[in-house]
Amino acid sequence: MKIRSRAATALTTAVLAAVLAACSSNSGTSSDPASGEGSGDLAVSHVHGLGIDPADGRLYVATHEGVIAVSDDGTAQRVGDRADYMGFTVIGPKTFLGSGHPAEGSGGHGNRGLIQSTDSGRTWRTLSLGGTADFHSLVYAHDSVYGYDSTRGLLRVSADRTSWDDRAEIAALDIAVSPEDRDVVLATTEDGVATSTDGGRKFRAGAGQVLAFLSWPAADALYGVDLAGGLHRSTDGGTTWRKTGTVPGGQPQALTAVDAKHVLVAAQDGVYESRDGGGTFRQRLPVSSAEGH
């Protein structure tokens, strides 16, 4: 079925409020690259994306206040500007894709479309849809970009990062793509996980486990986090789920499973990492609402 939505859609009122509050104040305009503040100078109010850069093994956190690199010893540094990075994914060594809004006072389009960094987040350039699209979820799979454009509640897919195929309109918060089949796309909705078997052109109505965010690193390792921070794993593409643990820190903000055991989750009070599929977690970066978001 084709599920239509308003321009700004989300899973529940609570999650929608958190997402919109995190991105609304910076939608006007990117700042000059930061000089690399140390951990004591960082104030992270909301996290939108997570990834590990194969080039240096560091954790990169896309936030309302720029991209933060976190070393294993706990030191953290803002690596670029203070823009609001919404959709975010690491696709290779030093190579990130993103979207969002420029920093306040910097000028430029309010919605940055699809942007790319080839220097681990230090600098970015717009590839396409600048001024028109705001991707709140980005997945790179099968040499293509799958993006959920929040401005239209629309799934869009690109093989060259420049031209786009507009697919289903769906009221979703996050998407995931099967690592084995480019046509199997999942979306989190208020009624449960919605499934497409034709590349996102049509979705069946959401059903089953209600989840906020998804990540699908391996065929038998699909992860989802629910609104209370419960981490769930499916080995059959989302047909059945098993709870593997609970993420500390409150309501979830982002989820990335690096592989079948290595899971990264952002919550209200910090970014957490599990190396055992959700059995145990350690905090990698604190998150504070000190700036009021």
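The model is predicted. Its chain has 293 residues, and 56% of them count as buried. The secondary structure comes to 1 helix and 23 strands.

Confidence comes next. The chain has a mean pLDDT of 88. A pLDDT of 70 or more is reached by 84% of the residues. Over residues 1–13, the pLDDT is below 50. Even so, that stretch has 40 contacts in the model beyond near neighbours in sequence. Residues 16–36 also stay under 50. For them the model has 57 contacts beyond four places in sequence.

Now to Asp81. This residue lies in the loop between strand E4 (76–78) and strand E5 (84–92). Is Asp81 buried or exposed? Asp81 is buried, yet it has no salt bridge. Arg112 is the nearest side chain of opposite charge, 4.3 Å away. The cut-off for a salt bridge is 4 Å, so Arg112 does not count as a partner.

What does the side chain of Asp81 reach? It reaches the backbone nitrogen of Ala83 at 3.2 Å. A polar contact of 2.7 Å also joins the side chains of Asp81 and Tyr85. The table sets out these distances.

| From | To | Distance |
|---|---|---|
| Asp81 side chain | Ala83 backbone nitrogen | 3.2 Å |
| Asp81 side chain | Tyr85 side chain | 2.7 Å |
| Asp81 | Arg112 side chain | 4.3 Å |

Note on methods:
Residues numbered from 1 in each chain as written. Predicted model: local features only at pLDDT ≥ 70, side-chain atom pairs only at ≥ 80, totals over all residues. Heavy atoms only, no water. Helix = DSSP H or I, 4+ residues; strand = E, 2+ residues; numbered from the N terminus. Buried < 20%, exposed > 50% of the residue type's maximum accessible area, 1.4 Å probe, protein only. Lys, Arg positive; Asp, Glu negative; His and termini not counted. Polar contact = N/O pair within 3.5 Å; in protein donor to acceptor, adjacent residues only side chain to side chain. pLDDT = per-residue confidence, 0-100. Contact = heavy atoms within 4.5 Å.
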